[in-house]
Amino acid sequence: MFCSKKKSLEVERIVKANDREYNEKFQYTLIPEISSLTWFTTIVPLVLVITMTAVKDATDDYFRHKSDNQVNNRQSEVLIDSKLQNEKWMNVKVGDIIKLENNQFVAADLLLLSSSEPYGLCYIETAELDGETNLKVRHALSVTSELGADISRLARFDGIVVCEAPNNKLDKFAGVLSWKDSKHPLNNEKIILRGCVLRNTSWCFGMVIFAGPDTKLMQNSGKTKFKRTSIDRLMNTLVLWIFGFLVCLGIVLAIGNSVWENQVGDQFRTFLFWNEGEKNFVFSGFLTFWSYIIILNTVVPISLYVSVEVIRLGHSYFINWDRKMYCSGNATPAEARTTTLNEELGQIEYIFSDKTGTLTQNIMTFKRCSINGRIYGEVHDDLDQETEITKKKEPVAVSVKSEVDRTFQFFDHHLMESIKLGDPKVHEFLRILALCHTVMSEENSSGQLIYQVQSPDEGALVTAARNLGFIFKSRTPQTITIEELGTIVTYQLLAFLDFNNIRKRMSVIVRNPEGQIKLYCKGADTILFEKLHPSNGDLLSLTSDHLSEFAGEGLRTLAITYRDLDDKYFREWHKMLEDANTATDKRDEWIAGLYEEIEKDLMLLGATAVEDKLQEGVIETITSLSLANIKIWVLTGDKQETAINIGYACNMLTDDMNEVFVIAGNTAVEVREELRKAKEILFGQNRSFSNGHVGCEKKQQLELDLVVEETVTGDYALIINGHSLAHALESDVKNDLLELACMCKTVVCCRVTPLQKAQVVELVKKHRNAVTLAIGDGANDVSMIKSAHIGVGISGQEGLQAVLASDYSFAQFRYLQRLLLVHGRWSYFRMCKFLCYFFYKNFAFTLVHFWFGFFCGFSAQTVYDQWFITLFNIVYTSLPVLAMGIFDQDVSDQNSIDCPQLYEPGQLNLLFNKHKFFICMLHGIYTSLALFFIPYGTFYNAAGEDGQHIADYQSFAVTMATSLVIVVSVQIALDTSYWTVINHVFIWGSLATYFSILFTMHSNGIFGIFPNQFPFVGSARHCLTQKCIWLVILLTTVASVMPVVAFRFLKVDLYPTLTDQIRRWQKAQKKSRPPSSRRPRARRSSSRRSGYAFAHQEGYGELITSGKNMRAKNPPPTSGLEKTLYNSTSWIENLCKKTTDTVNSFSQDKTVNL
Amino acid sequence: MAMNYNSKDEVDGGPPCAPGGTAKSRRPDNTAFKQQRLPAWQPILTAGTVLPTFFIIGLIFIPIGIGIFVTSNNIREIEGNVFMYYGLSNFYQNHRRYVKSRDDSQLNGDSSALLNPSKECEPYRRNEDKPIAPCGAIANSMFNDTLELFLIGNDSSPTPITLKKKGIAWWTDKNVKFRNPPGGETLEERFKGTTKPVNWLNPVYMLDSDPDNNGFINEDFIVWMRTAALPTFRKLYRLIERKSDLHPTLPAGRYYLNITYNYPVHSFDGRKRMILSTISWMGGKNPFLGIAYIAIGSISFLLGVVLLVINHKYRNSSNTADITI
C-alpha cells in the first residue's frame, strides 16, 4: 500500500521533470514562425525517453508488488464461521480471532485470549521491536484463557473491546473488554504486537485489535519519503542553471538579431523579405529568442534523466548479481530494491546500525572459562601460540552421544581431562552452571532434551554444562534434577534469589543429596568480587586477569561463586525471608536486604565467558569502513551494558580511547550537565594541547576556535541511553549533542525506541548535511531505514519489515563493505564521469549554434542537419557513454576493498560538483569553438578538389557533424578507463552507425521518396571524398583533445590522487600479480574491566518457584515458600510489573484472581 | 530468540555463507559479465604514451601544414584547368528565412509542387495568381551578372576565352536533386501555368539555349541554389579548360573582363569579386588550413617538450609517494 503510493509519486516526479524542461519547447516548436527545428527533432527523443521511463517504472512496480504480495499472502489461521480457515494476512480484519502457532510471526496487534500454556501464558520474542533478546511473557485474562482451544466457545466469544486509538507507543495499551456483563481492563500485558514472534508456546488465540497500518509497529515506522540522491539534487540545480545560461544565450542572440535586422538586414530587404506580421526588428528579436531557446535546448539533453536511470538500473543489477554478496546459508542474494540511489552508496559518511541481528547473530556461545585460576578454552598449537579455532579440531564432549548438542563447540581437551580426573572445583563449577538458572527443560517427541530459555546467555551456559557432563534434566518448584557424569542427582531447591538489574546476580540455595546446603551464585564480577570471602585474594587477582582477557575479546563474562551454608543459619534466614514476603510495607527493600545478607563471604570458583556471536566479518567490516572515514553509530533498543559489550567486541570501543562519555541522566538538567562536562573534557584537552605545542598568536587562536572540529585529537566515544536521548533531542541541547557526537569516533545509543532511532538519523542528516545509511534487520529499524538517505535491510530472516522498507537488502552485515566500497564507489565514480561527459558533450554539441549565430544574422539557423540533431544524443553518442557509465572501473574491486581510503572522494563529493561542472562546461565551450572556427577558417573562400565550391551550407554541416561525432568519440575513448568488449563495440559501433546513417540519409533513394525531408542528398558523398574535409576533421579533433590530454597527464603526473597511484600500481602488478593477501585480523590487545552484560529479565525466579510455568504433569506447588508468595500479591502481577518500565494501573485489575 | 537448542541454531555449525549452498537457483551466475570481471584493456596516461604522441603529432602536422601552405601558395600559377568564380560578400545566404525559402519537390520536377509550391516559399510563392517556378527567396535572388573574359593579344584584338558553362555543379545536384518537370515537348510547355520569379528577367525555361542546361537543371541556377555557409562566399561560375599540354591555359598577357551588371549589391554594402584559380590536390587556395596545421603541430611539439621537462624535473618527487595497500 505504501509502495503503490510511493510509486505514483515517482511517476509524477519524472513527468514533472520532463514537464518543466521540455513541454515548454514542445508547444513552441509547433509555431512555424519560430520553429527552427522540425517537429520530429523534438518528438522522437521525447517519445523514446518517455517509453523507456515507462518501461523501467513498470518493471520496478512489478517487483515491488511481488515482494509486497509475499508478505500479504502469508497464511494465517482465522476463525471464520466457527471453523479455522486459512486466510491471507492481507484479508485479516479487525475483530477476527486468529490462531498462532509456535515460532510464528505476528502480523497484527492481538488481544491474547488463550494459549496452550497454563494460565493463558505465552512467550514472545520482541527482538524485532526493541532488539532485546530475552523472551517476554504475556498472559490472557483469566476469563478468556478458560476458552482454551475450544473452537466452538471461541467462535461464540462476543466480547467488545474499547481501547485507545492507533498510536505508536510500544509499551502502553489501555482498553476495556466488555464480555458477559462485566468489564475487564486491558493493558500492555495482554497484547501481542505485530512484529513479535511466538516462542515456547505451542499455540495461542488472539483477537485482532489493530491491523495493517494501524498496528503499533507500522505507526512507528515513520513516513515513507521519496528518496533522492544528492547528485539528483545537484543535477536539478545544474539543469536550472543551464536554463538560466540558455536564456542568457537566447537574450544575447535576440539582441543580436534585433540589431542585425535593424543595421544589416534592413539594407538586405531585397533578398531577405520580412515574414508576414513581423515587420519589426524588436518583434523579430523576440521571436528569435524563442527560436534559439528551441535550438539550444539540447544543452539540457532530454536523454540525461533517462540515461541516469538506465545507469542506475545497471548498477542495481550488478548488486543483485554479485556472488560475493550472496549468502548461501539462507540462499539470499543481495537485492537493490530501489534503483535510484546507487551513487549515493559511494558518498556515505554516517552509518547507523542496529545491534541485534545486524551486528550480532543473536546466538550466544560458551567460549571460555576460568576455573580456579586456570583458563580453559584457549587452543595452543605446537608453537604454543594462540591460534584461531579451526573446524578441523574435534569439539570436546563428555556426555553420552545422544545428550550432546551438536552445535556446541568447545575445543579444549584440558578441561575434559580435568573433568575426568575429578577435579572437585571443576565439578562444582559445572554444577553451578547446571543448577543456577531459570531454564525449563522438556522432552520432545523423539525423547530429546530441549531447553526452553528466556535468556540466551543462560541457554549457552546450561548447554555448556550439559555437553561437559552436567546435564540439567528437569525441575519442579522444589527440586532440580541433574545428571552428573552419568549419575542422576536431585537437589532440593530451597530458595531462588532472582536477578535484577541492581543486584546483577542470581543465586539458588540448594540442599544436595548429602544434606549440605549450598548457595550458588553467578553474576557480574564487579559486584560479586566485593562479596567474596577474604581468603580468595590470590584467586581473585588471577581470575580478574582472566576476566580482563575475556572482556578484552568482547566476551560477556559472569563470575561463578558458591557458599556453604550452615543449616541453622539458613533456617533463620529463611524465616526472615518468609516474614519479609508477608510484609506489606517496604517489602522489596526488606527482601533485598536479606538477599544481600546471605550473598556474602562467597567463595570464588571462576568465571564464564559467553560470546554474543557477532555476524561473520563484522570486525573486519567495521575496521575497513572506519578506515574509509565512515562513522558508525550503533542504535539499539537493548540495554546499555550489552550495547557497550558489543561495542568492544566490534572494536568500535577500545581501551586506547581517551575517554568514553556515558550520558545516562534522567532529567533534562542532568543530561545538559553531562553533555556540558563531556564537551569541556573534549575541548579542554584540545585547547591545552594546542596551547602547549604552538606558541600561537591571537589570530591563530581564533582560527583554532573556528575549526575546532578538525583539531580534536584522540579517540572519544559517546554512549547515551534512550531516556537521556529524549531530553538531548530537545531543541536547545540538540546542537550540543550533535557537536559532541560528531567529534566522537564511536557513538552508541541504547534503549532507544524506533522513533528515536529515526530522530537521531534525522538530526545528523539535517544538521551535518551528510549522507547517512541505516542498516537493520527488525521492525524497530524501519523508521530509521526510512529516514536515512539509504536504508539497508538484513534479509533472509523471518521479519520482512525492515527489508520491505529498505532500499538495499542482503543477508549479512559484512556485505555492507562490498556494497559501499565496491558498488557504491563504482556507482559514484561512474555516475560522476557520466555526468561530466554528458554535460561536456552537450555543450560542445549545442554551442556551435551560438557561434554560427554571429555569421548567419542571428537568424536561428541550425548548423547541423535536422536529422543529426534528432539522432545525435539518442543514437550516435548514447551507447558509449552508457557503457562507460555502467561498466567503467578505475580500480579493481579487490583494491577498492583493500584500500578503503579510496572511498573518500565520494564523501567529499570531489568527482562531480559545481566546480567540476564548470570545468566540463568550459571544456565543452572550448570544443565548440574549435569545432566551429576551424571549419570556418577553412571554408572561408575554399574550393573543392574538383574546383567546385565546398563552402556551401550543407558541406559545412556535414563537416561539422562528422568532426563533432569523432571528437566526442575520441573524448569518450579517453574517459573510458575500462575497455571491455562492450565498450569497444559501442564506441566503434556508434561511429559506424553515424556514417551508415549519414550516407543513407544523403542517398539518392531516400531523397527520391521524401525530397522535402532529406534535402542533403549527395552531401556526404561529395564532402567526405575531399581530402581537405578530412584534414579539417583531423585538425579539429587534435585541437579539441590535445589540451585535455596535456592537462590530465600533468595532473596525474604531478598530483596523482590515490586512485591514480593505485591504477598505476595495478597496471604494474597485472602481469605477475601475487595472490592478494588478506589483511591479518586485527587482534585486540586491550585489557578492560568486564562490564556486566547479560540478557536477562527479572521475575522468572518467581515463575519457577511458583511452578506456574510448568506443565500440568508437574505436581502443583505446595511448599511454604510458595505460599508466602501468594500471600503478598499474585506472581503474575509481580512479573508483569517488573517487566515493564512503565507504571501502569495494573493494581486495579481485580479480575486476575488466582 | 527461542532457545530451542536442538532444532535451531544450525547456523552456528559452520560459516553461514560458505560457498556451496544448496539453493542453486537464487545464486547469481558466475559469469564474467555479471560479476563485472569482463576482460578489459585499462589504458592510463603515462609519460611513455603521452609524450611520444605529442611529438608524433607535432612531427606529422608540421610537414602537412607546410605542404598545404606551399601548395596553396603555388596555386596562382595558371596551369591546368582554370576555374572562374564569382564572389559575393556580406550576402547572407545562410539566413534562416532565406535558407528555407525553397521547395525541393518543385525543383525535383514534381508536377503538383510545380503548380502548388510549398508554403515555405512565401512571399515568393505566387505572383499574379500564378505559382512561381522556381519559387522562394533563394531562386528569386539568383546572381545574374554575366562575366566574359577576353585576352588582349599582341594584335590588340581581344580574343574571347572559351568559358565552359557545364560541369560546374555537383553531379548529384544536376542528376538527382534538380529535375525539370515532366510532360510536354518543349520546356516552355512543361512550365506552363507558372510565372517567373519577380526579380528575374527571363522565365526559368529561358536560362540557356542548351536544353541540357536549361530550366531547373541550369547549372548556374543549381550552383546558386546550393546556399553558402557563410556571408562571404564564392561560387563557381565557369570552367576554362586546358586545350593542350604545351600551352598554359591562360597565357601571360593582358586580359579584359566584361561584366554585364544586373545584380545590385550596393544596397547591402556587398562586394562582388571575380576569382580565377587553379586547384591542387587539396582543393583551392587555402592558406588557413596550412597555417593552422603548422600552428597546432608546433603547439603539440612544444607541449611535448614542456611536458617532458616537467615530467623529468618534478615527477621523482611526487611519484615516490608510497601506495599503502
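This note sets out numbered points on the predicted model shown above.

1. Basis of the values. The model is predicted, with local features requiring pLDDT of at least 70 and side-chain atom pairs counted only at pLDDT 80 or more, whereas totals for chains, interfaces and linings use all residues. Residues are numbered from 1 along each chain as its sequence is written, chains are lettered from A and ligands numbered from 1 in the order in which they are written, and side-chain values use heavy atoms, with hydrogens and water left out.

2. Chain A as a whole. Chain A holds 41 helices and 32 strands; these are DSSP runs numbered from the N terminus, helices being H or I of at least four residues and strands E of at least two. Of its 1154 residues, 62% are buried, where buried means under 20% relative accessible area, exposed over 50%, and partly exposed in between (1.4 Å probe, protein chains only). The accessible surface of chain A is about 43,300 Å², with 56% of it on carbon and sulfur atoms; areas come from the Shrake-Rupley method with a 1.4 Å probe, and for residues only the protein chains shown count as cover. Considering contacts (heavy atoms within 4.5 Å) in chain A between residues at least 6 apart in sequence, 75% join residues at least 24 apart.

3. The interface of chains A and B. The two chains bury about 11,300 Å² between them, 59% of it on carbon and sulfur atoms; buried area is the accessible area (1.4 Å probe) that two parts lose on being put together, summed over both. In terms of contacts, 142 residues of chain A meet 122 residues of chain B.

4. Polar features of that interface. The rule finds 23 residue pairs in polar contact across the interface, both residues at pLDDT 80 or more. A polar contact is a pair of N or O atoms within 3.5 Å; within protein, one must be able to donate a hydrogen and the other to accept it, and residues adjacent in sequence count only if both atoms are side-chain atoms. The interface also has two salt bridges, a salt bridge being a side-chain nitrogen of Lys or Arg within 4 Å of a carboxyl oxygen of Asp or Glu. B:Arg97 and A:Glu261 are joined by a salt bridge at 3.2 Å, N to O. On the side of chain A that touches chain B, helix α37 (residues 1027-1054) gives the most, with 17 residues.

5. Salt bridges within chain A. Over all chains the structure holds 55 salt bridges. One of them joins A:Asp232 and A:Arg312 at 3.2 Å, N to O; A:Asp232 lies in helix α7 and A:Arg312 in helix α9 (residues 303-321), 80 residues apart. Both of these residues are buried. In another, the closest N and O atoms of A:Asp354 and A:Lys757 are 3.2 Å apart. This pair spans 403 residues, from the loop between β14 (350-353) and β15 (360-371) to helix α24 (residues 754-768), and both A:Asp354 and A:Lys757 are buried. A network of salt bridges links A:Glu428, A:Arg431, A:Glu484, A:Lys518 and A:Asp564.

6. A salt bridge within chain B. B:Lys174 and B:Glu219 form a salt bridge, with closest N and O atoms 3.0 Å apart. B:Lys174 is in helix α6 (residues 171-177) and B:Glu219 in helix α8 (residues 219-225), 45 residues apart. B:Lys174 counts as buried because its relative accessibility is 12%; B:Glu219 is buried at 4%.
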